[in-house]
Amino acid sequence: MTATLTTNFVSHLEGAIDGERISPEVIRTLHHERPIWVRYDLETISSILSKEDLLSRPSTIWRYAELLPAYDANKIVSLGEGMTPVLSCPRLAGKMGLSNLFVKDESQLPTGSFKSRGMALAITMANHFGIKSVALPTAGNAGGAAAAYAARAGMQCYVFMPQDTPMINQYEASAAGAHAFLVDGLINDCGRIVSDGKEPMGWFDLSTLKEPYRIEGKKTMGLELAEQFNWKLPDVIFYPTGGGTGLIGMWKAFNELRQMGWLDSATMPRMIAVQSTGCSPIVNAFNNGTKHATPVQNAQTIARGIRVPGAVGDFMILDAIRQSGGTAVAVDEAAITPWMLRATATEGISICPETGACFAAVEQCLADGTISADENIVVFNTGASQKYAEAIACQLPLLDTNQPIDWTAI
Ligand SMILES: *Cc1c(COP(=O)(O)O)cnc(C)c1O
């Protein structure tokens with residue numbers, strides 16, 4: 001834990017839709033119904049912090065304290081999150097015809113998904129502002145992470161999830177003591193319950209991109225990636241995109257590092273947002289060249305984390321993809337589970353369905369020339385496969401200890 005900072009370097013908050021400056025002194029959600037950026041005095045940070053300073057710090061997200069909004073060590077709520085490994089994947093690369101394929105393995109984080117990065121910051125800042133009760137809608141992993149961090153902070157947590165949310169997500173929220181509920185609708189319906197309940201229940205709304213700080217937590221994926229690649233970013237990043245905090249946060253990280261003069265490569269990575277044909281609002285908007293995405297009807301995909309029919313930060317996702325020279329790709333829903341299993345079995349990494357979609361996208365992009373075989377490619381594994389028992393049909397043969405084992409059948 002970095003306990004040395006006594007000040008922070010946040011200069012102001014900024015409305016993402018209109019650039020209006022907003023005071024960072026009060027906690028708030030949305031500005032004109034759209035997300036809020038946290039802005040820093042990057043010039044001062046780069047004058048007092050060097051890359052070498054980082055080397056002696058703990059391998060958690062808090063090593064980047066100057067680039068985060070929290071500074072009072074007593075308010076930091078942590079489960080030791082951060083510095084997930086970048087794993088080289090030579091077997092999978094060989095099978096796919098690539099030379100440099102890497103997985104940044106977020107499955108190893110607390111609660112088994114990258115949602116812990118965002119929640120560490122959101123709950124820390126809620127704690128900083130004296131909030132006692134939080135609520136959120138979730139497709140699964142955000143609820144589990146929020147419940148865990150709220151428990152760690154001694155806060156009340158209310159979680160609303162679609163009825164068909166993976167069992168493990170239901171379990172982890174309730175096990176961490178949250179008030180967890182199923183809703184007979186999609187995540188947007190759950191979001192409406194949180195909005196409606198805010199006032200009567202006194203909740204602070206932790207919904208994706210509604211409060212400003214989850215992005216700052218997700219940003220640490222980009223900071224880590226830069227440091228792990230020795231400040232020379234990869235050519236292409238594949239990211240499963242739902243609400244978009246991960247992609248937006250990472251792109252924000254790269255831009256902040258570039259402004260600080262910390263990046264060695266002049267070119268930035270192309271950001272490739274991956275969705276399923278069962279729910280692809282961002283892909284549709286990207287292809288149509290629009291600023292905002294039109295919410296999709298009947299969103300359906302086994303990759304629950306990317307089943308987000310409409311995202312409040314849609315324009316921020318699309319801006320990041322376009323600025324990076326990347327693209328948005330929808331993969332066949334039927335390809336997701338086979339790729340999840342193939343990737344897990346080939347490299348031993350616990351690949352979630354959302355990342356199964358990313359591997360299908362890598363294959364698709366290589367075939368259509370969006371990427372080339374010799375590029376440095378990073379795929380984000382946003383969660384652990386064992387959280388998705390429903391996605392895996394697994395029936396092992398049973399051995400009878402009263403019978404001699406037939407070795408020819410083993
Ligand atoms: C939430 C989630 C996503 C989507 O993340 P966003 O950054 O909100 O787009 C992808 N994968 C998993 C496993 C998730 O839990």
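Let's start with a charge and a ring: the charged end of R342 sits over the ring of W339, 4.4 Å from its centre.

Before going on, a word about what you're looking at. This is a predicted model, in which local features need pLDDT of at least 70 and side-chain atom pairs count only at pLDDT 80 or more, while totals for chains, interfaces and linings use all residues. Residues are numbered from 1 along each chain as its sequence is written, and side-chain values use heavy atoms, with hydrogens and water left out.

Now for rings that meet other rings. A pair of aromatic rings is described by the distance of the centres and the angle of the planes. To count as a pair, rings of Phe, Tyr and Trp (its six-membered ring) need centres within 6.5 Å; planes under 30 degrees apart are stacked, over 60 edge-to-face, and the rest tilted. Searching the whole structure turns up 8 aromatic pairs. One of them joins F114 and Y239, edge-to-face, with 5.9 Å from centre to centre and 80° between the planes. F114 lies in the loop between β5 (100–105) and α4 (115–128), and Y239 lies in strand β10 (residues 236–240), so this pair ties together parts that are 125 residues apart in sequence. Those helix and strand labels come from DSSP runs, numbered from the N terminus: helices are H or I with at least four residues, strands are E with at least two.

Buried means under 20% relative accessible area, exposed means over 50%, and partly exposed is in between (1.4 Å probe, protein chains only).

Next, look at Y158 and W203. Their ring centres are 5.1 Å apart and their planes are at 40°, so this pair is tilted. It also links distant parts of the chain, with Y158 in strand β7 (residues 156–162) and W203 in the loop between α7 (187–201) and β9 (204–205), 45 residues apart. Y158 is buried at 15% relative accessibility, and W203 is buried at 9%.

What about the inside? In soluble globular proteins, nonpolar side chains tend to be buried together. A nonpolar core is a set of buried Ala, Val, Leu, Ile, Met, Phe, Trp, Tyr and Cys residues joined through side-chain atoms within 4.5 Å. The largest one here has 88 residues, and L206 and F254 have the most contacts inside it. A second, separate core of 30 residues includes A93, F238, V331 and A343. Leaving aside residues up to four places away in sequence, L206 touches M119, A122, I123, V134, A135, L136, A146, E211 and R214, where contact means heavy atoms within 4.5 Å.

Which helix is largely enclosed by the rest of the structure? That's α11 (residues 314–324), because 8 of its 11 residues are buried. Among them are F315, I317 and L318. The buried residues of α11 pack against β3 (36–40), α8, α9 (245–259), β11 (270–276), α10 (281–288) and β12 (327–331). Just after α11, G325 takes a positive phi of about 75°.

Speaking of phi, most residues other than glycine have a negative one. L209 has a positive phi near 70°, sits in the loop between β9 and α8 (214–228), and is buried at 2%.

Finally, the ligand. It is surrounded by 15 residues, the closest being K115, G242, G244, G246 and T382; here a residue counts if one of its heavy atoms lies within 4 Å. A polar side-chain atom of N141 lies 2.8 Å from a ligand oxygen atom, and a backbone N or O atom of G244 lies 2.7 Å from an oxygen atom of the ligand. For T382, a polar side-chain atom lies 2.7 Å from a nitrogen atom of the ligand.

Key:
Lys NZ or Arg CZ within 6 Å of the ring centre and 35° of its normal. Polar contact = N/O pair within 3.5 Å; in protein donor to acceptor, adjacent residues only side chain to side chain.
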